[in-house]
Amino acid sequence: MPRLRKYDGALYRRKDTPFWWIRYRDRSGVRRAESSFTKDWQEAQTILRERLHARDNNVLDVIRKGEKLSLEQWADFFLENYSKPPVRAEKTHQVNLRVAKHLKSAFASRKLVDITADDIELYLRDRLRKTVRIKTALGYREKGVLKPTTVHQELRVLRRMLNVAVRKKLLHANPCWGVEFPVAVRGLFRPHYVTWSEQRRIESHGPAHLRNIVQIITETGLRVYKELTPMKKDQVDLVNATVWIPDSKTPNGIAEIPLTPLATDAFKSQMMISGDGPFLFPSAKNPSGHHKNLKTAWRKTLKRAGVPYFRIYDLRSTYATRLSAGGVADEWVTQLLRQGDAKVFKKYSQMKLQMKREALEKMNRLANEMPLDSGTGLVQ
């Protein structure tokens with residue numbers, strides 16, 4: 001047991017440097033000395049207090065390790081332990097790999113603790129000026145500049161990467177919290193609520209399999225590419241009106257889902273056109289596989305229907321909104337969405353605002369001045 005001292009930390013000067021040095025004892029009683037790398041006494045005092053606080057919380061070694069860790073080293077650790085399946089989907093991991101390549105190139109061997117909000121904003125501005133480069137057999141071909149949504153996605157990946165570092169006590173705070181994205185990205189990740197009339201127009205102008213997909217997602221909330229398109233026929237139980245999801249984005253997504261009459265009819269319709277293969281949505285190019293991309297068919301269908309483009313994933317958001325608008329409690333909507341965190345429902349509940357606006361349009365401002373049925377006059 002180390003002997004208690006009245007003063008277990010101090011600041012002092014050294015002749016060979018203009019910076020303040022700090023001296024303190026760790027939990028084992030060993031005296032440590034290190035530079036604060038600042039000429040300001042107040043800042044050095046703050047660093048000393050942080051060291052003592054970390055020592056008392058038994059995280060001093062972790063914090064000292066974080067100060068020596070470079071962004072490149074942390075990015076590799078993050079990709080290996082927090083990005084791959086089953087922690088995250090394979091598609092998400094591929095995005096993280098692409099973003100990490102740009103981050104490593106920009107920040108090189110910069111220490112994790114040395115990266116500031118200003119550094120990140122400069123990185124984002126530089127990325128917004130870059131052009132898209134596509135590798136072909138004849139070399140690289142340049143297209144237009146990067147879209148703001150692409151650069152914003154890189155910011156989101158970096159923010160999550162540093163959030164994990166904060167939870168691991170390698171950083172005191174995430175510098176992304178002080179970053180203001182330099183470009184206004186309108187409508188980013190804001191789900192679109194599909195009205196019933198829009199849905200009917202989309203169904204009438206789309207191919208049969210896409211019409212069934214629209215009906216199934218808006219009635220069950222299934223994820224498009226992770227749960228619905230790779231679905232096999234033996235997962236569907238039309239007798240009991242249920243469908244089994246053996247693999248999903250999250251552990252909560254693995255479940256047996258009840259079907260509404262509309263969803264049951266859509267599954268029956270798809271069974272009739274799916275052929276003899278095992279998949280419910282077989283690929284036209286590969287009979288032994290399934291549909292993996294609906295973007296082209298989806299975009300063309302919306303164009304024919306005269307509906308502005310929105311993501312097909314927003315059909316899942318529409319499912320959640322219709323449940324909520326029908327009076328289903330938010331806790332039950334979260335369970336029907338098969339989400340592990342109720343906070344995720346917030347992005348779906350934002351769409352209630354549009355439905356409230358639709359209700360306000362029905363407001364009758366002459367309600368107290370309507371003529372009587374007898375036509376004798378106005379109600380005063």
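Which residue forms a salt bridge with Arg127? In this predicted model it is Glu154, and the closest N and O atoms of the pair are 2.7 Å apart. A salt bridge here is a side-chain nitrogen of Lys or Arg within 4 Å of a carboxyl oxygen of Asp or Glu. Arg127 sits in helix α5 (residues 117-128) and Glu154 in helix α6 (residues 148-167), so the contact ties together parts that are 27 residues apart in sequence. Arg127 is buried at 9% relative accessibility, and Glu154 is buried too, at 1%. Buried means under 20% relative accessible area, exposed means over 50%, and partly exposed is in between (1.4 Å probe, protein chains only). Arg98 joins in as well, linked with Arg127 and Glu154 in a network of salt bridges.

A word on the ground rules. Residues are numbered from 1 along each chain as its sequence is written, and side-chain values use heavy atoms, with hydrogens and water left out. As this is a predicted model, local features need pLDDT of at least 70 and side-chain atom pairs count only at pLDDT 80 or more, while totals for chains, interfaces and linings use all residues.

The structure holds 13 salt bridges. One of them joins Lys104 to Asp76, with the closest N and O atoms 2.3 Å apart. This pair links distant parts of the chain, with Lys104 in helix α4 (residues 90-107) and Asp76 in helix α3 (residues 71-81), 28 residues apart. Lys104 is partly exposed at 25% relative accessibility, and Asp76 is partly exposed at 36%. Arg223 and Glu227 also meet in a salt bridge (2.9 Å, N to O), and both of these residues are buried.

Now to the strands. Helices (H or I, at least four residues) and strands (E, at least two) are DSSP runs, numbered from the N terminus, and two strands pair if DSSP finds at least two bridges between them. Strands β1 (residues 9-14) and β2 (residues 17-25) pair antiparallel over 6 bridges, and they form a hairpin with 2 residues between them. Ala10 stands opposite Arg23 in β2. From β2, 5 bridges lead on to strand β3 (residues 31-35), again antiparallel, with Trp21 partnered by Ser35. The β2-β3 hairpin has 5 residues between its strands, and Gly29 in the turn has a positive phi of about 95°.

Elsewhere, an open sheet of 3 strands runs in the order β6-β7-β8, with antiparallel pairing. β6 (236-237) and β8 (255-258) stand at the edges with a single partner strand each, so one side of each is left without a neighbour in the sheet.
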